[in-house]
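Please look over the sequence and the model below. The text that follows takes up the disulfides, a pair of strands and the nonpolar core.

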Amino acid sequence: VLLLCTLASTAFGVADLGMPGWSCAPDLMKRSKTVPASVHSLRPADIDVVGALGDSLTAANGAGAEHGDLLGVAIQYRGLTFSVGGDKTLDEHISMANVLKKFNPNLAGYSIRTGSANVWETAHLNAGIPGAHSQGIIEQANDLVRRIKDHPEIDYINQWKLIHIFIGPNDMCAWCVHQDTESAENYRDNIRKAVQILKDELPRTIVSLTGMIDIRLLRNVDADNKLCKETHLIECMCEQFPEVTDEMLTNEAKAYMQREQELQDSGEFDTDDDFTLIIQPFFEGVTDVSRNPDGTPNMDFFAPDCFHFSAYGHALTGKYLWNNMMQPVGSKTYGNFTDDGTPLLCPEATCPFIRTTKNSADCTKFITN
């Protein structure tokens, strides 16, 4: 079924990946009988509002561009982003928002079509800015809070919100040149400041932070591709510098991941029942995509610049993001980007919630209705 979906989309110029007919047991799809008071008792259907902070991957630059159309990478296909993209349906395109819409058709905040972050009609609560480094999500957090509080149809006090953050590739791509400002410690501290703004201003919020990706993936993809190398020299200097070894790239990515993990493990965002931060580590260890029979990379995963994700790449990423959200902390699996046949997970019957540190440790105390 997945193969047929991908081939059907390819016929229109851009490959994609959907999950036709996906559903879970009725008891797992329903909302809680009463609105949960605890973030650790949140069923997917209890989420009413989604938003996002990030860079050009959250803006989905180039996601809908056809192969070879480098100019198309400048277009922000926000409706296709792996987190809050709401174009199409889950049958046609996998994203966190499209999965959540299966649980709650009245979900608000997801982005649609194309456009920049300041165009409300399409961006909605997708505040991601192309080119942003981790410091940039501090301003984005303030912007997102303003949008949520000012919207007349959002009850920011009582409605449960899920905010997704993915940031860091631009930090990593400049790290070898600016090791002071782009250090793993500064990266962590910038994310901390942004999440603290959300915690201070938005009650009833769960923050899902996608872990750092290893930029070595780009090096493996462009090894024999002149066009990719040339575009990466502009987009990701550190990946192209010969003095930066594969080991250095991987070690720095791991340092970023470890600093992110510190934010979750510290418990500093687990002090109130109505807010938490969870790391989704599915990118860890990912250094390649699927390969063609001749051994060359399957470029269907990438936009024409070999850096940003295509619609298919976003869909595959969205699947692993969702699956991590359904898996207990400490048992989250890493993504396999060489295979698009991994199933999309349903909530566990014994713990039908978006998994947090506390309900992963003991779910029974959070089952109230």
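Is the disulfide of cysteine 173 and cysteine 236 left-handed or right-handed? In this predicted model, the torsion about their S-S bond is about -90°, so the disulfide is left-handed. Cysteine 173 lies in helix α7 and cysteine 236 in the loop between α10 and α11, so the link ties together parts 63 residues apart in sequence. Cysteine 173 has a relative accessible area of 4% and is buried; cysteine 236, at 0%, counts as buried too.

The structure holds 5 disulfides. Another joins cysteine 24 to cysteine 346, with an S to S distance of 2.0 Å. These two cysteines are 322 residues apart, cysteine 24 in the loop between α1 and α2 and cysteine 346 in the loop between α13 and α14. Cysteine 24 is buried, at 11% relative accessibility, whereas cysteine 346 is partly exposed, at 27%. Cysteine 228 and cysteine 306 also form a disulfide, and both are buried.

Strand β4, residues 275-280, runs parallel to β3, and 6 bridges join the two. One of the residues paired this way is isoleucine 206, whose bridge partner in β4 is threonine 276. Phe275, Leu277 and Ile279 point one way from β4, while Thr276, Ile278 and Gln280 point the other way; all are buried.

The largest nonpolar core has 97 residues, and Leu53 and Trp322 are among those with the most contacts inside it. Helix α13 gives the largest share of this core, 8 residues. Leucine 53 touches residues including Ala127, Ile137, Leu144, Phe166 and Leu198. Another core, of 6 residues, lies apart from the largest one and includes Tyr77 and Leu80.

Notes:
Residues are numbered from 1 along each chain as its sequence is written. This is a predicted model: local features need pLDDT of at least 70, side-chain atom pairs count only at pLDDT 80 or more; totals for chains, interfaces and linings use all residues. Side-chain values use heavy atoms; hydrogens and water are left out. A nonpolar core is a set of buried Ala, Val, Leu, Ile, Met, Phe, Trp, Tyr and Cys residues joined through side-chain atoms within 4.5 Å. Buried means under 20% relative accessible area, exposed over 50%, partly exposed in between (1.4 Å probe, protein chains only). Helices (H or I, at least four residues) and strands (E, at least two) are DSSP runs, numbered from the N terminus. Contact means heavy atoms within 4.5 Å. Two strands pair if DSSP finds at least two bridges between them. A disulfide is a pair of cysteine sulfur atoms within 2.5 Å. Lists of a residue's contacts leave out its neighbours within four places in sequence.
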